Amino acid sequence: MNRRYALTLLAGTALAACAPPPPTLGPDGRPLPKLYRISGTDARRIPFRALDAINALRQGAGLSTLELSAALNAAAETHSRDMSLQNRPWHFGSDGSSPIDRTRRVGFSGEFLGEAISETFESELETIAAWMQEPGPRRVILDPDARRMGFAFFQEPNGKIWYTLDVGT
């Protein structure tokens, strides 16, 4: 009987060690966000995951799919980094540039339609889901005239991520 008890105790301890730790709660009692660290491999995949997610949302709304634009990606990347330097999420660059100015600088030949931005510690998919809850970013994602998009991020050493989505014709 003693051996059976010891095996049961050992098995229970092993299972308990496999369980994830409980989430850390904030002052409001809700779980604090988990730090999303972007690896080099993930960095290359993120624009494509964002494209797939946005296209799924657009298809669900009966809209045409988008394709990635190198020029819009470049404009989005520049702005994500610049927001980090300014330490504020807003649509104007530190040099006073607007989203239209930035897309022109990178040689985007289509019409710029809109931009969504974010300052977060969450993944690109969680960010897109949050954008869909806000009227402005939702309009950008579901713009019926949109045909191309750029998506980029900049992650600070502390884990904060600055995302930019630019959409055009």
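Helices and strands are DSSP runs, numbered from the N terminus; a helix needs at least four residues and a strand at least two. On that basis, Asn87 sits in the loop between α3 and α4 (99-105) of this predicted model.

The chain contains six helices and four strands. Along the sequence, these elements follow the order α-α-β-α-α-β-α-α-β-β. The chain has 169 residues, and 40% of them count as buried.

Helix packing was examined for α2 and α5. Two packed helices are described by the angle between their axes and the distance between the axes. Helix α2 covers residues 40-60, and helix α5 covers residues 124-131. Their packing angle is about 35°, and their axes lie 10 Å apart. The crossing of α2 and α5 is right-handed. On the α2 side, the contact involves Ile46, Arg49, Ala50, Ala53, Ile54 and Leu57. On the α5 side, Glu124, Leu125 and Ile128 take part. By class, this contact has seven nonpolar residues, two charged residues and no polar ones.

In α2, the residue is Asn55. Its relative accessible area is 11%, so Asn55 counts as buried, the cut-off being under 20%. A polar atom of the Asn55 side chain lies 2.6 Å from the backbone nitrogen of Leu66. Beyond its neighbours within four places in sequence, Asn55 is in contact with Thr65 and Leu66.

In α5, the residue is Thr127. Thr127 is buried, at 2% relative accessible area. The Thr127 side chain reaches the backbone oxygen of Ser123 at 2.9 Å. Residues up to four places away in sequence aside, Thr127 touches Ser118, Thr120, Glu122 and Tyr163. Thr127 and Ile117 are ten residues apart in sequence. Their C-alpha atoms are 9.2 Å apart in space.

Helix α3 spans residues 70-86 and includes Ser84. Ala76 is buried, with a relative accessible area of 0%. Excluding residues up to four places away in sequence, Ala76 touches Gly150, Phe151, Ala152, Thr164 and Asp166. Phe151 is 75 residues from Ala76 along the chain, yet the two C-alpha atoms are separated by 5.9 Å.

Ser84 is likewise buried, because its relative accessible area of 12% is under 20%. Ser84 touches Phe154, Glu156 and Trp162, again not counting residues up to four places away in sequence.

The backbone at Asn87 was considered next. Most residues other than glycine have a negative phi. Asn87 is not a glycine, but its phi is positive, at about 55°. At 48% relative accessibility, Asn87 counts as partly exposed. Exposed would require over 50%.

Strand β2 covers residues 112-120 and holds Glu115. Glu115 is a charged residue by class. Even so, Glu115 counts as buried, at 9% relative accessibility. Two side-chain polar contacts were found for Glu115. One, of 2.7 Å, joins the side chains of Glu115 and His91. The other links the Glu115 side chain to that of Arg102 at 3.1 Å.

Neighbours within four places in sequence aside, Glu115 is in contact with His79, His91, Pro99, Arg102, Val140, Thr164, Leu165 and Asp166. Thr164 and Asp166 are also touched by Ala76. Glu115 and Ala76 are 39 residues apart in sequence, with a C-alpha to C-alpha distance of 8.7 Å.

Methods
Residues numbered from 1 in each chain as written. Predicted model: local features only at pLDDT ≥ 70, side-chain atom pairs only at ≥ 80, totals over all residues. Heavy atoms only, no water. Buried < 20%, exposed > 50% of the residue type's maximum accessible area, 1.4 Å probe, protein only. Axes fitted to C-alpha atoms, helices over the stretch in contact; angles between N-to-C directions. Left-handed = near helix turned anticlockwise from the far one by under 90°. Contact = heavy atoms within 4.5 Å. Polar contact = N/O pair within 3.5 Å; in protein donor to acceptor, adjacent residues only side chain to side chain.
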